Amino acid sequence: MQSAFQERLEQIQRRVREACVRVDRDPGDVSILAVAKMFGPERVREAAESGLTVIGESRIQEAMQKIPLCPGHLKWHMIGHLQRNKVREAVQLFCMIHSVDSWRLLQAINSACEAIGSVMPVCIEVNVSGESSKFGLAPDDVPGVLEQSSSLTNVDIVGLMTIPPFTKDTEDVRPFFRHLRELRDEWQNRCDICLRELSMGMSNDFEVAVEEGATWIRLGSVLFGERQRQAEDGRG
Ligand SMILES: *Cc1c(COP(=O)(O)O)cnc(C)c1O
């Protein structure tokens, strides 16, 4: 018998396929990142049993406790704001960081990877909406970072990430996703860099994000169920 998790996953995969059909994209170009923050190893195992292999976390502390208790074949991506004093742990735990929101953080990741002889794929988080409550580089600051990054040997900037403002109507977020894609196209040309990944779209807006070019959709509640309110993200 199918688990409830599997049923939810299949529904999501169907919705992703349908969004791809609407805009003539290959569903194989859209990956699901299962965001397990606030959910324990049991729930992660359930995700793994349903065939998901990449898990997202937004806090180092939580990831450090959880990852050793989860199936060893899983890959882990960091999606939350990362403090520079946690970078050394982060580069050991994660195989990709979606949330690089400053030049100094990028440099710190580069140094930490240099020390252990690894290279970290990262996305630059862009604050497309300009909301002061959001992390991410202002669009105007990104080309400079992309150009400077050519001197860093142990980070590989593979794409861009954004978190749009929360809205009730998911259509309202479309311009933010579209804008990120357009910025990506512009910067790829201008900075001679390949930015193939667009990490955008969460539980309530992933179909719109897929229609606008997302390659990573970061799904928490639509997969795992609602998180406890008081520990909700946004507090670091
Ligand atoms: C929590 C979180 C998600 C997943 O949120 P849902 O709405 O539960 O899908 C995605 N991205 C980031 C950066 C998050 O912190």
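This is a predicted model: local features need pLDDT of at least 70, side-chain atom pairs count only at pLDDT 80 or more; totals for chains, interfaces and linings use all residues.
View 1. Helix H2 itself spans residues 41-49. Its buried residues are Val 44, Ala 47 and Ala 48.

View 2. Which residues of H2 are buried? They are Val 44, Ala 47 and Ala 48. Viewed down the axis of H2, the buried residues sit within an arc of 100°, so they line one face of the helix. An α-helix has 3.6 residues a turn, so residues three or four places apart point the same way. Glu 42 and Glu 49 lie on the other side of H2, and both are exposed. Just after the helix comes Gly 51, with a positive phi of about 100°.

View 3. Met 38 belongs to the loop between strand E1 (31-35) and H2. Its phi is positive, at about 75°, although Met 38 is not a glycine. Most residues other than glycine have a negative phi. Is Met 38 buried, partly exposed or exposed? Its relative accessibility is 32%, so Met 38 counts as partly exposed; the class runs between the 20% limit for buried and the 50% limit for exposed.

View 4. The loop between helix H7 (174-191) and strand E7 (197-199) holds Asp 192. Asp 192 is not a glycine, yet its phi is positive, at about 50°. Relative accessibility for Asp 192 is 72%, so the residue counts as exposed, the cut-off being over 50%.

**View 5. The shell around the ligand.** How many residues surround the ligand? There are 12, and the closest are Lys 37, Ser 203, Gly 220, Ser 221 and Arg 227. By class, the shell divides into five nonpolar, three polar and four charged residues.

**View 6. Polar atoms at the ligand.** Ser 203 places a polar side-chain atom 2.5 Å from an oxygen atom of the ligand. For Arg 218, a polar side-chain atom lies 2.9 Å from a ligand nitrogen atom. Ser 221 contributes through its backbone: an N or O atom there is 2.8 Å from an oxygen atom of the ligand. On its own, the ligand has 380 Å² of accessible area, and the protein covers 94% of it.

Terms used: Residues are numbered from 1 along each chain as its sequence is written. Side-chain values use heavy atoms; hydrogens and water are left out. A residue is near a molecule or strand if one of its heavy atoms lies within 4 Å of it. A polar contact is a pair of N or O atoms within 3.5 Å; within protein, one must be able to donate a hydrogen and the other to accept it, and residues adjacent in sequence count only if both atoms are side-chain atoms. Accessible areas come from the Shrake-Rupley method with a 1.4 Å probe; for residues, only the protein chains shown count as cover. Ala, Val, Leu, Ile, Met, Phe, Trp, Tyr, Cys and Pro count as nonpolar, Asp, Glu, Lys and Arg as charged, and the others, Gly among them, as polar. Buried means under 20% relative accessible area, exposed over 50%, partly exposed in between (1.4 Å probe, protein chains only). Helices (H or I, at least four residues) and strands (E, at least two) are DSSP runs, numbered from the N terminus. The arc is that of the directions from the helix axis to the C-beta atoms.
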